[in-house]
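Grab a pencil and let's work through a few exercises on one protein chain. Try each task yourself before you read the solution.

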Amino acid sequence: EFRRVLFRSLLEPVANIQRFQILKALLIQTRTFSDISQLTGLRGGNLLFHIKKLVDTGMILQRHERGDYIITDKGFKTMTAISELHKLMNFDKTL
């Protein structure tokens with residue numbers, strides 16, 4: 001059960017390249033739906049699907065009903081952990 005929850009709440013949201021791009025973009029600043037669409041190349045329902053997945057897992061939230069999207073503390077910590085893992089993996093390759 002723990003592994004299933006871990007996968008669904010942390011790993012699955014960032015395992016998709018478009019969702020990873022969205023999170024990465026939101027690390028820098030808040031973004032509108034249009035901004036995210038331009039960054040990812042996703043449109044309409046496809047983009048909404050990925051945004052909903054990130055909202056439902058608590059990685060991002062929408063500030064107002066039609067407002068900007070921002071990264072949450074959970075999303076920020078997840079991306080920070082991925083960045084640290086990436087650094088460790090690159091470091092190990094140089095040994």
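**Exercise 1. Work out how helix α3 and helix α4 are placed relative to each other.**

Solution. Keep in mind that you're looking at a predicted model.

Step 1: Two packed helices are described by the angle between their axes and the distance between the axes. Here, helix α3 covers residues 33-40 and helix α4 covers residues 44-56; they pack at an angle of about 100°, and their axes are 11 Å apart.

Step 2: Now put a word to that angle. Angles of 65 to 115 degrees count as roughly perpendicular, and α3 and α4 are therefore roughly perpendicular to each other.

Step 3: Find who touches whom. On the α3 side you have F33, I36, S37 and T40, and they meet G44, L47, L48 and I51 of α4.

Step 4: Sort those residues by type. The contact of α3 with α4 has five nonpolar residues, three polar ones and no charged ones.

**Exercise 2. Which residues of α3 are buried, and where do they sit around the helix axis?**

Solution. Step 1: Use the cut-off: buried means under 20% relative accessible area. In α3, I36, S37 and T40 are buried.

Step 2: Look down the axis. These residues cover an arc of only 105°, so they are on the same side of α3.

Step 3: Recall a handy rule. An α-helix has 3.6 residues a turn, so residues three or four places apart point the same way.

Step 4: Ask what covers them. The buried residues of α3 pack against α2 (17-28), α4 and β2 (69-71).

Step 5: Check what comes next in the chain. α3 is followed by G41, which has a positive phi, near 80°.

**Exercise 3. Decide for each of R31, G44 and V55 whether the residue is buried or partly exposed.**

Solution. Step 1: Start with R31, in the loop between α2 and α3. R31 has a relative accessible area of 14%, so it is buried. Skipping neighbours within four places in sequence, R31 is in contact with A25, L26, I36, L39, D68 and Y69. The C-alpha atoms of R31 and I70 are 6.9 Å apart, although these residues are 39 residues apart in sequence.

Step 2: Move on to G44, found in helix α4. G44 has 41% relative accessibility, so it counts as partly exposed. From G44 to V14, which are 30 residues apart along the chain, the C-alpha atoms are separated by 20 Å.

Step 3: Finish with V55, which also lies in helix α4. Its relative accessible area is 35%, so V55 is partly exposed. Leaving out neighbours within four places in sequence, V55 is in contact with I60 and L61. V55 and T72 are 17 residues apart in sequence, with 9.3 Å between their C-alpha atoms.

**Exercise 4. Zoom out and describe the whole chain.**

Solution. Step 1: Count the elements. The chain has five helices and two strands, in the order α-α-α-α-β-β-α along the sequence.

Step 2: Box it in. Along the principal axes, the C-alpha atoms fill a box of roughly 50 × 35 × 20 Å.

Step 3: Look at burial and surface. Of the 95 residues in the chain, 28% are buried. The chain exposes about 6,700 Å², and carbon and sulfur atoms supply 58% of that area.

Step 4: Check the contacts. Take those between residues at least 6 apart in sequence: 51% of them join residues at least 24 apart.

Key:
Residues are numbered from 1 along each chain as its sequence is written. This is a predicted model: local features need pLDDT of at least 70, side-chain atom pairs count only at pLDDT 80 or more; totals for chains, interfaces and linings use all residues. Side-chain values use heavy atoms; hydrogens and water are left out. Axes are lines fitted to C-alpha atoms, for helices over the stretch in contact, and angles run from 0 to 180 degrees between N-to-C directions. Helices (H or I, at least four residues) and strands (E, at least two) are DSSP runs, numbered from the N terminus. Angles under 35 degrees count as roughly parallel, over 145 as roughly antiparallel, 65 to 115 as roughly perpendicular and the rest as oblique. Contact means heavy atoms within 4.5 Å. Ala, Val, Leu, Ile, Met, Phe, Trp, Tyr, Cys and Pro count as nonpolar, Asp, Glu, Lys and Arg as charged, and the others, Gly among them, as polar. Buried means under 20% relative accessible area, exposed over 50%, partly exposed in between (1.4 Å probe, protein chains only). Accessible areas come from the Shrake-Rupley method with a 1.4 Å probe; for residues, only the protein chains shown count as cover. The arc is that of the directions from the helix axis to the C-beta atoms.
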